[in-house]
Amino acid sequence: MTIVKPIRDYVFFSENLKRYYPKVYNELDNILSSHQVFHDVLKGTADYWCRDYMPVQVYGNNFVQFRYHPDYLEGLRDYETPTSVSVGLAEKWKLFPINIKQSPIVADGGNFTFATIKKGRGFTPVVIMTEKIFVENPDMERDNIISQLESLFPNYKLLFLPWDREDTCGHTDGIVHAVGNNKILVNLNVYPDDVATKMRSILESCFKVIDLELSDYHDMSWAYINMIQTHNVIIVPGLGTSTDEEALIHIRKLFPEYKDRIYQIQMPSIVKRGGALNCLSWTFSYY
């Protein structure tokens with residue numbers, strides 16, 4: 001008889017989130033605790049957007065630590081968590097043997113969104129990025145960056161979406177979210193028509209693209225895509241607007257297997273700062 005080990009999810013938040021937004025942190029703590037999801041805080045980080053400066057999980061215990069040096073922090077480097085701190089925090093927990101490769105590529109964790117293509121019995125993992133990764137590494141040739149990424153993410157298909165220059169961060173975690181295999185949830189209505197058309201075409205080459213159903217698409221509606229998803233629970237940002245319930249209803253419809261395990265937390269003041277729940281969390285899974 002084959003014994004299948006359960007997948008265990010791990011969710012971390014910067015201690016800065018707990019300090020500056022205790023109500024949001026406490027709600028997250030209560031939801032994750034009630035569903036037995038391991039979670040804790042990272043101490044000594046420079047800001048609360050820990051998705052971006054912590055290592056990116058490739059598979060199993062293999063991670064990549066990219067160089068966190070975003071252009072949007074020019075003149076604000078006090079908010080930049082050094083690589084040595086990120087790696088030290090990741091290795092500190094010793095939850096399981098962890099292997100971290102360090103890359104010279106400048107990139108934020110929020111620009112790596114994962115999905116899966118299933119054909120027959122085969123699966124192809126996909127990592128979706130915006131082309132900002134090429135802009136933030138001007139001293140590297142595009143082909144060289146792609147070659148390095150292919151080495152860091154073996155057996156992955158790489159997809160590059162156009163970068164809307166009005167979106168300062170250029171992350172994909174506010175553009176797409178995987179819905180099982182072969183499906184992607186998007187909110188492309190917040191982008192200019194030409195950019196949205198190109199994004200849709202690229203995504204449709206691999207996935208069925210599902211548009212988030214809202215009666216109004218506004219400056220913050222991208223945040224609904226920026227959710228926390230573990231094997232036990234999904235947590236969706238709330239913006240304090242009339243579209244909150246619409247987003248929650250649609251997401252619950254897309255994930256029926258999560259019946260009664262999809263929640264919404266109000267956090268408009270955080271979203272106004274440019275991020276939401278995926279940005280605030282460092283999450284990974286391990287058997």
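In which loop is Asn182 found? In this predicted model, Asn182 belongs to the loop between β9 (176-178) and β10 (183-186). The backbone there has a particular feature: phi of Asn182 is near 70°, a positive value in a residue other than glycine. With a relative accessible area of 26%, Asn182 is partly exposed. A positive phi is also found at Asp260, where the angle is about 65° although the residue is not a glycine. Asp260 is placed in the loop between α8 and β14, and its relative accessibility of 64% makes it count as exposed.

Strand β13 covers residues 234-238, and five of its five residues are buried, so the strand is largely enclosed by the rest of the structure. This burial concerns both faces of β13: Ile234, Val236 and Gly238 are buried on one side, and Ile235 and Pro237 are buried on the other. Strand β12 (residues 228-229) pairs with β13 in the antiparallel sense, over two bridges. Within this pairing, Gln229 has Ile234 of β13 as its bridge partner.

The loop between β12 and β13 contains Thr230. Thr230 has a relative accessible area of 4% and is therefore buried, since the limit for that class is under 20%. When neighbours within four places in sequence are left aside, the contacts of Thr230 are Asp9, Val11, Val37 and Tyr258.

Strand β13 also pairs with strand β14 (residues 262-266); these two strands run parallel and are joined by five bridges. Val236 has Gln264 in β14 as its bridge partner.

The nonpolar interior was examined next. In soluble globular proteins, nonpolar side chains tend to be buried together. The largest nonpolar core in the model comprises 45 residues, and those with the most contacts inside it are Leu17, Leu28, Leu185 and Ile235. At least two residues of this core come from each of β1 (8-14), α2 (22-34), β13, α8, β14, α9 (268-271) and α10 (277-280). Helix α2 provides the largest share, five residues. Apart from neighbours within four places in sequence, Leu17 is in contact with Pro22, Tyr25, Leu28, Tyr48, Ile270 and Leu280. There is also a second, separate core of 20 residues, which includes Ile117, Val195, Ala196 and Cys206.

Two members of this second core, Ile117 and Cys206, are among the residues touched by Lys157. Further contacts of Lys157 are Thr124, Pro125, Val126 and Val127, again not counting residues up to four places away in sequence. Lys157 lies in strand β8 (residues 157-161). At 35% relative accessibility, Lys157 counts as partly exposed. Between Lys157 and Ile128 the separation is 29 residues in sequence, while their C-alpha atoms are 8.6 Å apart in space.

Aromatic side chains were considered as a further group. A pair of aromatic rings is described by the distance of the centres and the angle of the planes. A search of the whole structure finds 25 aromatic pairs. Phe96 and Tyr286 form a stacked pair, with 3.9 Å from centre to centre and 10° between the planes. Phe96 is located in the loop between α4 (83-92) and β5 (99-106), and Tyr286 in strand β15 (residues 281-286), so the pair ties together parts that are 190 residues apart in sequence. Phe96, at 10% relative accessibility, counts as buried, whereas Tyr286, at 23%, counts as partly exposed. Both rings belong to one aromatic cluster formed by Tyr10, Phe12, Phe38, Phe63, Trp93, Phe96, Trp282, Phe284 and Tyr286.

Aromatic rings are also involved in the surroundings of Arg142. This residue lies over the face of Phe134, at 4.1 Å from the ring centre. Arg142 likewise lies over the face of Phe160, at 5.9 Å from the centre of that ring.

Conventions:
Residues numbered from 1 in each chain as written. Predicted model: local features only at pLDDT ≥ 70, side-chain atom pairs only at ≥ 80, totals over all residues. Heavy atoms only, no water. Buried < 20%, exposed > 50% of the residue type's maximum accessible area, 1.4 Å probe, protein only. Helix = DSSP H or I, 4+ residues; strand = E, 2+ residues; numbered from the N terminus. Pairing = 2+ DSSP bridges. Phe/Tyr/Trp six-rings, centres within 6.5 Å; stacked < 30°, edge-to-face > 60°. Lys NZ or Arg CZ within 6 Å of the ring centre and 35° of its normal. Core = buried A, V, L, I, M, F, W, Y, C linked by side-chain atoms within 4.5 Å. Contact = heavy atoms within 4.5 Å.
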